[in-house]
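Good morning, and thank you for making time for this presentation. I would ask you to look at the sequence and the model together as I speak.

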Amino acid sequence: MTAVAVNRDTTVDWMRRFAQEMAEHRQELVELDTAIGDGDHGTNMDRGMRKAMEKLAESAPGDPGAVLKTVAMALVSSVGGAAGPLYGTLLLQMGNALANRDEVDVVTFAAAWRRGLDGVVARGKAQPGDKTMVDALTPAVHALEQAHDLDGGLVEAAQAAEQGMYATTPLVARRGRASYLGERSAGHQDPGATSSYYLLRSAVAALAD
Ligand SMILES: [Mg+2]
């Protein structure tokens, strides 16, 4: 496989595909969040990514970092609850790491993901095993850091995110609204880990061949 570079156009395509995933899986995310939260995750993410795509079309940012920062700001300003600030932080920190970069290699991209994940952890105070998006993102970032090329690394990162997503099902939530349910939160897949898997899957579709 040959690598598709992370550049301005492929980053826009990544975000476009993520917006599409959020629209297609809106109901699934609503149902997952209804089981252990307040049921708004699918609606929020779909609305936020629609707004983000409008902002991208209006402002036409010139590099991958600026693309991600534009999406981050749109999510922060249009998505309530925890998801807006957390996805906003993830993409803002990634955008900062990629500021003024043109073609991004796997090492730089992995470092950007690490910075994004660190931002999410600092903001949400969740650790792996708390039944949150961190459970999908942590193994994904680790896989990307071990990778030698972008294609293979992204595929492995998405697989790791998927496994991390499934692994949230038996967990008892320790952060977020689901933690109010205590033991009753076990037996349900975490909605934030699920949307995070879709973010990685969109990256494979846009940035890997
Ligand atoms: Mg919610």
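I shall go from the overall fold to the core, then to one pair of helices, and finally to individual residues.

Please keep in mind throughout that this is a predicted model. The protein chain contains nine helices and zero strands. Read from the N terminus, its elements run α-α-α-α-α-α-α-α-α. The radius of gyration is 16 Å, close to the 17 Å that the globule rule gives for 209 residues, so the chain is as compact as a globular protein of that length. Along the principal axes, the C-alpha trace spans about 45 × 35 × 30 Å.

Two further figures describe the chain as a whole. Of its 209 residues, 53% count as buried. Among contacts with a separation of 6 or more, 66% are between residues 24 or more positions apart.

Which residues touch the most other members of the largest nonpolar core? In this core of 65 residues, they are Met15, Val71, Leu137, Ala140, Ala157, Ala161 and Leu200. Helix 9, residues 191-207, gives the most to this core, with nine residues. Leu200 deserves a moment of its own: leaving out residues up to four places away in sequence, Leu200 touches Ala140, Ala157, Ala158 and Ala161.

I now come to the pair formed by helix 5, residues 83-97, and helix 6, residues 106-124. Their axes come within 7 Å and cross at roughly 145°. The crossing of helix 5 past helix 6 is right-handed. On the side of helix 5, the contact is made by Pro85, Leu86, Thr89, Leu90, Leu91, Gln93, Met94 and Ala97. Helix 6 contributes Ala111, Ala112, Trp113, Arg115, Gly116, Gly119, Val120, Arg123 and Gly124. Sorted by class, this contact has ten nonpolar, five polar and two charged residues.

Thr89 is in helix 5, and it counts as buried because 22 C-beta neighbours lie inside 10 Å, where 20 or more are required. Apart from neighbours within four places in sequence, Thr89 is in contact with Gly119, Val120 and Arg123. By comparison, Thr89 and Glu145 are 56 residues apart in sequence, with 20 Å between their C-alpha atoms.

Val107 is in helix 6. Is Val107 buried or partly exposed? With 14 other C-beta atoms within 10 Å, Val107 is partly exposed, because that count lies between the limits of 12 and 20. The C-alpha atoms of Val107 and Glu28, 79 residues apart along the chain, are separated by 33 Å.

Most residues other than glycine have a negative phi. Lys125, however, has a positive phi, near 60°, and Lys131 has a positive phi of about 70°. Where do Lys125 and Lys131 lie? Lys125 lies in the loop between helix 6 and helix 7, the latter being residues 134-146, and Lys131 lies in the loop between helix 6 and helix 7 as well. What sets their surroundings apart is the count of C-beta atoms within 10 Å. Lys125 has 12 such neighbours and therefore counts as exposed, whereas Lys131 has 28 and is buried.

That concludes my presentation, and I thank you for your attention.

Notes
Residues are numbered from 1 along each chain as its sequence is written. This is a predicted model: local features need pLDDT of at least 70, side-chain atom pairs count only at pLDDT 80 or more; totals for chains, interfaces and linings use all residues. A nonpolar core is a set of buried Ala, Val, Leu, Ile, Met, Phe, Trp, Tyr and Cys residues joined through C-beta atoms within 7 Å. Helices (H or I, at least four residues) and strands (E, at least two) are DSSP runs, numbered from the N terminus. Two residues are in contact if their C-beta atoms, placed from the backbone, lie within 7 Å. Axes are lines fitted to C-alpha atoms, for helices over the stretch in contact, and angles run from 0 to 180 degrees between N-to-C directions. A crossing is left-handed if the near helix is turned anticlockwise from the far one by less than a right angle, and right-handed if clockwise. Ala, Val, Leu, Ile, Met, Phe, Trp, Tyr, Cys and Pro count as nonpolar, Asp, Glu, Lys and Arg as charged, and the others, Gly among them, as polar. The radius of gyration is taken over C-alpha atoms; the globule rule is 2.2 Å times the number of residues to the power 0.38.
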